[in-house]
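Thanks for passing this one along. Here are my notes, in numbered points, to read with the model open beside you.

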Amino acid sequence: MTRVHDMGGRFGDGPVIPESLDAPVFAADWQARALAVTLACGALGQWNIDISRHARERLSPQDYTGFSYYQIWISALADLLVERGVLTEADLAGQGQEQGQDQADDPAHPLAGRMLKPEAVAAVLAQGGPASRDSDQRPKFSLGQAVRCRRPADNCLVDGGHSRLPAYAAGARGYIFRLHGSHVLPDSNAHDLGEAPEPLYAVRFAARELWAHPEHRDDQVILDLWQSYLVAL
Amino acid sequence: MPHDHSDHPHALLPPDPALRVKALETILTRKGLVDPTALNEIIDTYQNKIGPQNGAQVVARAWSDAEFRAALLSDATAAVSDLGYFGRQGEHMVAVENTEAVHNMVVCTLCSCYPWPLLGIPPAWYKSDAYRARVVREPRKVLADFGVTLAADTAVRVWDSTAEVRYLVIPMRPAGTEGLDLDALAALVSRDSMIGTALAQNPPQDPV
């Protein structure tokens, strides 16, 4: 993990530029295609949401920072398709444009039977993919209890692996605000190590715990954090 | 200039993003792995069928129906599912209510998590580095970028969506809206007010 994506609290990004409420959903047609191709490839069933997030984070820092949002998506998708054996580098290099050969000459792709069909789109999008699971791990923390985030904010299972503990909260003290039940653990699921579900909490942090110069003494930040990200105080 | 590192497969595709996605779509279509008609269907769904009008209906109902409001605050996933709003990126919903004491805002500092079934695809600013980086540290300066100023004694609570839980902000109901029906109320609820970077709009004034 490069951590280039983990930008909460970073200085120097300049103003947020609001856009009109009636601006088009996609600023360009290719952005719509990038989203649609990504969702359609997800339906092939060769990865989960945590693997796809990690693929975006694993772009080189130069690419991640230089690319626009949907460029990150489409580039990570191309990497993932090759890594998971759906396409080959030769496929990408040929870009599907080989001379004198058309689709009829290609042997059927082993995953072709999983292709998302137009008539299935509505049902697939409406169904979603809930992340809640039964877990054999009991909740260790109760509402209002003080906890501290693990520090540093690294994946404990895989060196340099995916984690959803933002660096700005590492080591910070917070309070259990809400229990969401048990959810798939991204640190494991992003690396094909299983879903490893465990209790997930909303944890409340005082802004003055996180930042040296908070804007207001009463401001708060709330993070969803897995049990293994937290230690009791 | 950004450049692609040659050890990444994506570097084999054209650098121009429109050509890059076109090339990938062409390869995948040719291999029978994606169907362009299905892609059109996905795009039509998020361009025309799913958007912040869904969330606005939820807020309007919460404003005018105490029983629904209680159900929404207690189990938003169930409450919005009953209205037909469920699906990808909205599997686990939590509704948070703005009051005089607390103003809620939502971000995903790690990527761009957002409640698609209620608000649609996020706007560009929500996905921008500036919003992701700044709103957890200086939410009031970010609000100023949107022209919003809060009362000095209102606390800001920023929800950073690090898991699959998605948050919907219920803005405060504006004064003078007692007689309005659901559609008139929903018209006062903008996308940004349900993220927390705007307030609900005041009702149009009757001409004097």
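1. Let's begin with the fold of chain A. Residues 24 or more positions apart account for 69% of the contacts in chain A with a separation of 6 or more, a contact being heavy atoms within 4.5 Å. Of its 233 residues, 51% count as buried; buried means under 20% relative accessible area, exposed over 50%, and partly exposed in between (1.4 Å probe, protein chains only).

2. A word on the ground rules. This is a predicted model, in which local features need pLDDT of at least 70 and side-chain atom pairs count only at pLDDT 80 or more, while totals for chains, interfaces and linings use all residues. Residues are numbered from 1 along each chain as its sequence is written, chains are lettered from A and ligands numbered from 1 in the order in which they are written, and side-chain values use heavy atoms, with hydrogens and water left out.

3. Chain A has 8 helices and 5 strands. These are DSSP runs numbered from the N terminus (helices H or I, at least four residues; strands E, at least two). The C-alpha trace of chain A spans about 70 × 45 × 35 Å along its principal axes.

4. Now for the interface. Chain A brings 103 residues to the contact and chain B brings 93. Between them about 8700 Å² is buried, with carbon and sulfur atoms giving 61%; this is the accessible area (1.4 Å probe) that two parts lose on being put together, summed over both. A:Val16, A:Arg33 and A:Glu215 supply 9% of the area that chain A buries against chain B, more than any other three residues.

5. The two chains also pair through strands. Strand β4 (residues 220-226) of chain A runs parallel to strand β3 (residues 155-160) of chain B, joined by 4 bridges; strands pair if DSSP finds at least two bridges between them. Within this pairing, A:Ile222 has B:Trp159 as its bridge partner.

6. How many salt bridges cross the interface of chain A and chain B? The rule finds 6, taking a side-chain nitrogen of Lys or Arg within 4 Å of a carboxyl oxygen of Asp or Glu. One links A:Arg33 and B:Glu25, with the closest N and O atoms 2.8 Å apart.

7. Helix α2 (residues 49-57) of chain A deserves a look: 8 of its 9 residues are buried, so the helix is largely enclosed by the rest of the structure. Its buried residues pack against α1 (29-42), α3 (61-66), α4 and α7 (186-189) of chain A, together with β4 (165-170) of chain B. One of them, A:Arg53, is at 5% relative accessibility. The side chain of A:Arg53 meets that of B:Glu164 in a salt bridge (2.7 Å, N to O). B:Glu164 sits in the loop between β3 and β4 of chain B, and is buried too, at 11% relative accessible area.

8. B:Lys141 lies in helix α9 (residues 139-145) of chain B and A:Glu215 in the loop between α8 (207-210) and β4 of chain A, so the pair joins two chains. B:Lys141 is partly exposed at 46% relative accessibility, and A:Glu215 is partly exposed at 25%. Salt bridges that share partners join A:Glu215, B:Arg134, B:Glu138, B:Lys141 and B:Asp145 into one network.
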